[in-house]
Amino acid sequence: MQYDLIIIGGGPGGYTAAFEAAANALKVCLFEEREAGGTCLNRGCIPTKTLVHSADLLRAVREGKDGLRTEGAVVIDREALKAKKEEIVRIQREGLEKQLKAAKIEVIHAHASITGEHTVTAQGNEYTADSILIASGSVPARLPIPGADLSRVITSDDILRDLPQYDSLVIIGGGVIGCEIAGIYESFGAKVTILEAMDTLLPTMDSEVGRSLALLMKKRGIETHVRAFVRQIEEIDAACRITYEEKGAEKTVEAEAVLLAAGRKAVTDVFEIDPPLMEKGRLVIDDHFRTSCPHIYAIGDCAGKYPQLAHSAMAMAVNAVASICGKPFPRDLSCIPSGVYTSPEIASVGLDEKGAAAAGIAAVSGKANTLSNARSLIQGGERGFIKVVAEKQTGRILGAVMMCERATDLIQEFALAVHAKLTAEQMLAVIHGHPTFAEAAVPALEAVLKKLA
Ligand code: NAD
């Protein structure tokens, strides 16, 4: 069979590329060996957020700050929660499958291998196309430490599939997955310890975020260790012993299970020909999403250059198809918001102060805490802040970082500002509704405006 475009992988990157290709009248075929929707829908973002929602409700009822009292104990019904998670995923997946059908996209559920520059082979059949786009995603990375393959050492795939019950859990890696799952398991009653190798939790974000989150976690009973290097994991009776080095001293911690949350490994085992250039295990791509093999494109987690996020993959997909069709790029990949679903949420976009300095841009920042926001206070009132960074000379918004209720939605206003090069003054000219979570941006913008005066 001859196609204009063959796509390998049916996650957010792959299915977005398929819709985009069909909309551009390309004859397209999508290969997916598992379920449509990829990691995000089946084993990632969507199941996690379902659990985060229940964990937040449970914490709120237990803390008893909302004028609600229970007559008996509030417990998690794991089977009911698993059923809810599976139902949400099923509804979303069936919706996606219907959309693929409606767009007349040929979906083949099989493992596809690239067997020629223009050829893909699956189940013994050959398919050819002018272009091939790889959107094969990633899997949890296994750490090269002794004991990493023990049965009590699990990954987010295991947690999100089975929702196992643990009284204690050690999490290796205080990045996005580690921090989100720590909050879920703490709320479900486990004793959680995070071991993070870098200086703060969420080390890729403004360091104030990691420090604030560590304080909040401490308050909730989650133990966090930074600059902690895990040396080995051993199985002892019905538990694990984790040996790690912290400040030059060897320490140990024991737990029922260990979650590996130290990054994700690109899936690149799709080549039966010599693979194109790779760097740090990810496919190297140029500005047009082409690998070193010019008809073979790569997007999403398996490719380098952009963060491993579902919405980066979707934006890369739209631009890659535009590139194939010789059209200008519709998406601005220089400004990708990111969100962490802790409680409260964390989000960032654009440059922080360090990033601005590294780019040689003179910048100022303004910060406001969110306790004065009535909706935040009603919702939980944890310590929170919004920090806005603006260019000193022009007042243009360069970026924002926040840790507050609804941060993952609030960040969108700043993503628009960074993309459209709006100034703090222009943003303040827009009326923010009251009482809303969104108006928490106003005092932060006023703070940055003051610094610009
Ligand atoms: P990550 O890169 O966010 O965090 C991994 C952390 O592990 C890092 O902080 C790193 O310093 C630490 N680490 C690495 N090796 C270590 C070791 N030996 N000992 C202790 N710490 C170690 O990776 P992740 O949390 O596994 O997430 C994987 C990817 O999925 C990321 O790109 C993330 O952005 C994405 N993701 C995004 C979301 C979201 O957008 N909300 C949710 C989940 C995952």
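Predicted model: local features only at pLDDT ≥ 70, side-chain atom pairs only at ≥ 80, totals over all residues.
In which sense, right-handed or left-handed, does helix H3 pass helix H4 in their crossing?

**View A. Packing of helix H3 against helix H4.** H3 passes H4 in a right-handed crossing. The two elements, H3 spanning residues 45–63 and H4 spanning residues 78–102, pack at an angle of about 140 degrees, and their axes are 9 Å apart. On the H3 side the contact is formed by Ile46, Pro47, Thr50, Leu51, His53 and Ser54. On the H4 side, Leu81, Lys84, Lys85, Ile88 and Val89 take part. By class, the residues of this contact comprise six nonpolar, three polar and two charged.

**View B. The open sheet S12-S13-S14.** Three strands make up this open sheet, arranged in the order S12-S13-S14 with antiparallel pairing. Strand S12 (228–236) and strand S14 (249–255) stand at the edges; each has a single partner strand, so one side of each is left without a neighbour in the sheet. On average, neighbouring strands of the sheet are turned by 25 degrees against each other, direction ignored. S12 is joined to strand S13 (residues 239–246) by eight bridges, and the two run antiparallel. One of the bridge pairs links Ala228 to Glu246 of S13.

**View C. Asp237 in the loop between S12 and S13.** Asp237 is located in the loop that lies between S12 and S13. Its phi is near 45 degrees, a positive value in a residue other than glycine. The relative accessibility of Asp237 is 81%, so this residue counts as exposed, the threshold for that class being over 50%.

**View D. Phe289 in the loop between S18 and S19.** Phe289 is found in the loop between strand S18 (282–283) and strand S19 (296–298). The phi angle of Phe289 is also positive, near 70 degrees, in a residue other than glycine. Is Phe289 buried or exposed? With a relative accessible area of 2%, Phe289 is buried.

**View E. Strand S21 and its two pairing partners.** Strand S21 (residues 345–350) has five of its six residues buried, so it is largely enclosed by the rest of the structure. Strand S20 (residues 338–340) pairs with S21 in the antiparallel sense over three bridges, and Gly339 has Ala347 of S21 as its bridge partner. S20 and S21 form a hairpin with four residues between them. S21 is also joined to strand S24 (residues 397–404) by six bridges, again in an antiparallel arrangement. In that pairing, Glu345 has Cys404 of S24 as its bridge partner.

View F. Pro435 belongs to the loop between helix H12 (424–429) and helix H13 (441–452).

**View G. The hairpin of S4 and S5.** Strand S4 (residues 113–116) and strand S5 (residues 119–122) run antiparallel and are joined by three bridges. The two strands form a hairpin with two residues between them. Gly116 has Thr119 of S5 as its bridge partner.

View H. Glu186 is part of helix H6 (residues 176–187). Its relative accessibility is 16%, and Glu186 therefore counts as buried, since that class covers values under 20%. Which residues does Glu186 touch, not counting residues up to four places away in sequence? The contacts are with Arg59, Val192, Arg220 and Ile222. The C-alpha atoms of Glu186 and Val340 are separated by 16 Å, and the two residues are 154 residues apart along the chain.

Notes:
Residues numbered from 1 in each chain as written. Heavy atoms only, no water. Pairing = 2+ DSSP bridges. Axes fitted to C-alpha atoms, helices over the stretch in contact; angles between N-to-C directions. Left-handed = near helix turned anticlockwise from the far one by under 90°. Contact = heavy atoms within 4.5 Å. Nonpolar A, V, L, I, M, F, W, Y, C, P; charged D, E, K, R; others polar. Buried < 20%, exposed > 50% of the residue type's maximum accessible area, 1.4 Å probe, protein only.
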